[in-house]
Amino acid sequence: MATLRPCVQKLRSDGFYPVYIRVTHDRKIGYIKTDKMVSKKDVSKTKEIRDNYVLMYCTSLIQQYNQILNRFDISNWSLKEIIECIQTEEADVCFSDYAKLHISRMQNQGQERNARNYQMAVNSLELYLGTNKVMFSSLTSTVVTKWIESLAKTKRAKEMYPVCIRQIFKAAVKEYNDYDIDKIRIRTNPWMKVVIPQADRTEKKAISPEACREFFGAPLPETKIMEPLSEFGRDIAMMVLCLAGMNTVDIYNLKKEDYKNGVIGYCRAKTRNSRRDNAYIEMRVEPILLPLFEKYKADDNDPYLFRFHKRFSTSDSFNANVNTGIKQVCKSMGMQKEDYYSAYTFRHTWGTVAQNDCEASIADVGFAMNHSHGHTITRGYIKIDFTPAWELNRKVIDFIFYSKKKSKQGLAKGVDEPKDKLFRLSPKKMVYGAAYYKGDTLAEVCDTGFGTVEAVIKVLVSQLPETIPNRATVQFVIKNMDTGKEMAYFHTKGKGF
């Protein structure tokens, strides 16, 4: 039990004593400073405070502190935890301040691109609420739902922004709340009721091999500039296409040490921080690209493979200028503005041609394009042979640039489109799971961070009582809260769990 009482300690040089609340717990003493002062004449020889006004103030303050502590079982708390609880429990936590800290941590971990998305999400929420000091207590399910509704006309932000805010919220709850000692600073949890809409399905950006041949064979628009953007955009589009759809950010970041014996080895920037294998891949550079490698190579004393970083300060600037150059070529070809290509067009095109025209499986395409496909743990343990990806890349190059074969464009699904409507989970989706036995709810979980159904069931199983007899069947119901899809699974004790 903690004991609180007002006290003074040392006399200041100006003749006043600062007033403290002394906290005694388990024979240990700590102090909480107040904003009150008393003069020397208002303190007895035994350092007892005589000022009635200050005593009344301290008595009221101690009552508030006791009301806070009475909400918890503090028998196992340390003195430090008690003082922290008193000082912070009544103060609402600022979501905006924590979001800045969370985003800063992401940047320090090398997640610059994701950090930008998170910052845009926070900016959107603050703009909607009209303050850059959003408090956690203000983020109720009603407020969050109305904010999401304001994003309804966006294609991607209506899903991405709420997911980012929810991830920040979840991290804060994990950091501030300690359920073992019933210390709860963030008491709101809007995400149980909030439904996050799905982003609009993007149109397939791939173009046919015939269109590729037209693009790369089109005359460049006339200009007096030494290195026109149209030529630059076309060249980088060629790199993207002939390096199995390599992203522009990865091309921009390549260093000399990444290019050995005609092979590029790199970690994909988009997913390197979320995969056990760091999203590492090796791709052979085909002869068609060697003139471009020579054309854009960096100086000998430059650590980068290409000289792009001297012209463009960031990978985003590099990508924007690539897309501008590509659009200039499209314009010169007489294309409609809405049909202009981008660098991503050629990444999608590589995958589509590989599957449609080179008879590669979806798994083969995903492997060559360095997609995460459920085997990242295995990839983290073994030395991968990337030659199948090299051979497939060569087939795509041969089909597009060294043949006049007609493509099967449109006869197969896009690389990123699932073949079926199977129930799937994602670590960023809110998942609800429950275990039932004879109609009774024996376990529940509602959280993000689950990538598979098995992971949810594992958590539920850990909550099941030992009294369930062997060979009894337990029903597990799992619902993706964001999509509304629900599935039921039956497992037998002693066999399924």
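Colleague: Which residues lie nearest the centre of the second largest pocket?

Modeller: This is a predicted model, in which local features need pLDDT of at least 70 and side-chain atom pairs count only at pLDDT 80 or more, while totals for chains, interfaces and linings use all residues. Residues are numbered from 1 along each chain as its sequence is written, and side-chain values use heavy atoms, with hydrogens and water left out. A pocket is an open set of points on a 1 Å grid over the protein atoms alone, with protein on both sides within 12 Å along at least five of seven lines, whereas a cavity is a set where a 1.4 Å probe fits but cannot get out, and lining residues have an atom within 4 Å of a point. The second largest pocket is lined by 16 residues, and those nearest its centre are Lys-170, Val-173, Tyr-179, Asn-189 and Asp-447.

Colleague: Which element gives the largest share of that pocket's lining?

Modeller: At least two lining residues of the second largest pocket come from each of α6 (157-176) and β8 (440-447), helices (H or I, at least four residues) and strands (E, at least two) being DSSP runs numbered from the N terminus. The largest share, five residues, is supplied by α6.

Colleague: What volume does the second largest pocket have?

Modeller: Its lining comprises eight nonpolar, four polar and four charged residues. A volume is the space filled by probe spheres set on the points, which are joined across faces, edges and corners, and for the second largest pocket it comes to about 350 Å³.

Colleague: Which residues lie nearest the centre of the largest cavity?

Modeller: The structure holds one cavity of 30 Å³ or more, and the largest cavity has a volume of about 60 Å³. Its lining is made up of 14 residues, of which the ones nearest the centre are Ala-244, Met-246, Tyr-266, Arg-347 and Met-369.

Colleague: Turning to Ser-124, is this residue buried or exposed?

Modeller: Ser-124 sits in helix α4 (residues 112-129). Because its relative accessible area is 15%, and the cut-offs are under 20% for buried and over 50% for exposed, with partly exposed in between (1.4 Å probe, protein chains only), Ser-124 is classed as buried.

Colleague: Which side chain forms a polar contact of 3.1 Å with that of Ser-124?

Modeller: Neighbours within four places in sequence aside, Ser-124 is in contact (heavy atoms within 4.5 Å) with Trp-147, Leu-151 and Tyr-161. A polar contact is a pair of N or O atoms within 3.5 Å, of which, within protein, one must be able to donate a hydrogen and the other to accept it, and residues adjacent in sequence count only if both atoms are side-chain atoms. At 3.1 Å, the side chain joined to that of Ser-124 by such a contact belongs to Trp-147.

Key. Nonpolar A, V, L, I, M, F, W, Y, C, P; charged D, E, K, R; others polar.
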